[in-house]
Amino acid sequence: MSNHDVYAVSAPGKVLITGGYLVLDQQYTGFVQATSSRFVCIILKNNNTTIDKYSVKVISPQFIQGQWNYHWNIESKELTEDETNTSKNYYIQCTIQNTLLIASKLCSDFKTLIETGIKVVIMGHNDFYSQREQLDKMNLPKNFKSIHSIPNFCSANCLIKDVNKTGLGSSAAMITALVSSLLGYFKIIDIPSNEQDYEKIDTKNDYCLNFLHNVAQYCHCLAQGKVGSGFDVSAAVWGSHVYRRFNPAIINDLYKLDKKELTAEKLISVLDPKINPNWDATVKPCHIPPGFTMRLADIATGSSTPKMVSKVNAWKKANPEEAAELWNSLSTYNNKVNILFEELTKKCQSDSETYWSTLETLKNYSVDQWKEYENNTNVSKDILDLLLELYNDFLQVRSCLRVLSQKTETPIEPESQTHLLDACMKCPGILMAGVPGAGGYDAIFCIIMEGKKSGEDCKGIIALEKLWQNWEESSVCPLCACQSNFGISKEDINNYLEYI
Ligand SMILES: Nc1ncnc2c1ncn2[C@@H]1O[C@H](COP(=O)(O)OP(=O)(O)O)[C@@H](O)[C@H]1O
Ligand SMILES: C[C@@](O)(CCOP(=O)(O)OP(=O)(O)O)CC(=O)O
């Protein structure tokens with residue numbers, strides 16, 4: 001296969017550690033950690049060029065009836081669904097429609113490339129979908145070893161509309177991967193190939209990444225039928241960072257246009273960062289400090305984010321003063337947490353030896369025992385103070401979220417989750433445990449001190465696994481994902497030959 005006939009990318013999932021609800025407002029920020037679990041999208045030249053001219057065949061092999069066939073009309077620049085399609089996938093259709101419209105204008109050999117037709121393969125890491133049924137079928141307990149033993153990109157054995165999601169942001173990662181693989185195939189952008197490449201480029205000012213970001217945000221809003229905060233798309237593009245949203249008016253302006261007015265020129269004039277200086281989202285690199293790892297668990301019950309957001313918004317509107325006060329305290333503690341993550345990362349660079357010896361000592365004890373090690377020769381008092389400050393600030397974040405739950409009568413950190421999070425916090429080396437994003441019954445995250453050696457054999461992870469497996473109040477199932485900081489990445493097709 002020639003390199004010109006294929007373009008493969010992957011985009012990470014997300015965990016919003018701080019900033020749920022606040023990040024919807026441009027005044028506040030949120031810290032989003034990217035995950036090791038990623039969505040892969042591959043564009044291939046169609047082989048059957050004579051009968052399938054201008055065809056766009058999408059395959060999502062993990063799902064029953066996961067195939068959607070379209071046709072690109074070169075004159076009207078419209079993507080039409082084939083009559084043989086058994087279901088609709090609006091997320092995919094509107095993303096391809098808009099990205100091809102842009103490509104039709106910006107790619108000099110667009111006609112030649114689209115005439116042969118293209119095949120699109122979309123696959124999400126198992127973590128994006130609940131694997132409980134799979135584990136039950138395999139007769140395996142809900143632990144890390146079992147979850148890692150499920151073959152990657154395994155079949156969900158259902159229609160996509162019936163799948164149980166885990167909250168890692170399947171649609172944002174899928175749309176971002178789809179947009180970037182199409183823009184890459186049509187030679188409009190090129191993206192970094194791996195984590196090392198990523199570190200070399202000035203991501204903030206990189207034209208390709210900014211253009212991709214804007215197109216993906218627009219397509220995701222269109223697919224969801226609303227302009228959300230966009231932190232999930234931003235994480236899929238840039239990886240882990242502190243995010244401040246874009247002004248929603250930028251996209252609302254495109255929404256107002258009717259179909260005829262929405263030309264390639266108009267779309268490009270709004271989405272190309274060189275033409276439109278109004279894109280104002282900010283991305284400040286930030287990540288979980290070295291020597292710490294993140295683990296996630298899927299909770300069986302699940303919650304609806306849109307319903308929770310509308311209840312919170314309704315309360316905020318009815319109680320502006322009380323809401324402003326609560327938003328400001330939450331924001332203060334959120335910012336403290338974000339800043340302490342950065343300070344610890346800096347300490348690791350400036351004071352490496354003490355940093356690591358402190359972590360190696362403390363990782364075997366729970367936070368409430370750490371104070372006893374204050375005078376230990378391997379422990380730095382400065383670093384211990386930063387760690388305890390971080391621990392306390394995050395407890396304040398959780399306490400504000402519980403006030404928000406109670407005021408809005410929305411289960412953001414519901415009681416059953418509080419019990420589970422408090423129990424996690426008692427395990428050795430667990431610095432933080434919380435409900436990500438909008439909260440609810442969906443999932444939990446834990447930030448664990450693991451020291452220099454990573455892997456699932458550290459004391460903290462072993463203790464968490466045991467706790468989760470024996471937890472009776474709710475059903476807790478670990479995910480494979482851990483933290484991984486880089487964003488969209490070009491993939492080597494040779495690693496995916498068995499799937500295409
Ligand atoms: N593997 C996939 N293949 C094709 N489409 C997908 C896939 N995963 C997600 N999607 C699209 O994303 C939609 C789910 O979006 P949404 O409900 O916003 O989920 P999430 O909260 O995970 O982002 C699906 O209905 C489908 O259109
Ligand atoms: C409430 C929010 O600020 C955060 C929601 O974060 P989640 O991570 O819970 O998101 P979903 O994957 O859509 O469920 C809404 C937003 O920012 O869009």
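This is a predicted model: local features need pLDDT of at least 70, side-chain atom pairs count only at pLDDT 80 or more; totals for chains, interfaces and linings use all residues.
Reader: Is strand E6 mostly covered or mostly open, and how many of its seven residues are buried?
Author: E6 covers residues 118-124. A residue counts as buried once 20 or more other C-beta atoms lie within 10 Å of its own. By that cut-off E6 is mostly covered, and the number of buried residues is five.

Reader: Which strand pairs with E6 in the antiparallel sense, and which one runs parallel to it?
Author: Let's take the antiparallel partner to begin with: seven bridges link E6 to E2, residues 30-45. On the parallel side, four bridges tie E6 to residues 55-59. So the antiparallel partner is E2, and the parallel one is E3.

Reader: Where does Tyr-54 lie, and is it buried, partly exposed or exposed?
Author: Tyr-54 sits in the loop between E2 and E3. Its phi is positive, about 60 degrees, although it isn't a glycine. Most residues other than glycine have a negative phi. Because Tyr-54 has 18 C-beta neighbours inside 10 Å, it counts as partly exposed.

Reader: And Asn-139: which loop holds it, and how many other C-beta atoms lie within 10 Å?
Author: Look between helix H3 (132-137) and helix H4 (144-149) for the loop with Asn-139. Asn-139 is no glycine, yet its phi is positive, at about 60 degrees. It is exposed, and the number of other C-beta atoms within 10 Å is 7.

Definitions and conventions:
Residues are numbered from 1 along each chain as its sequence is written. Chains are lettered from A and ligands numbered from 1 in the order in which they are written. A residue is buried if 20 or more other C-beta atoms lie within 10 Å of its own, exposed if 12 or fewer, and partly exposed in between; C-beta atoms are placed from the backbone. Helices (H or I, at least four residues) and strands (E, at least two) are DSSP runs, numbered from the N terminus. Two strands pair if DSSP finds at least two bridges between them.
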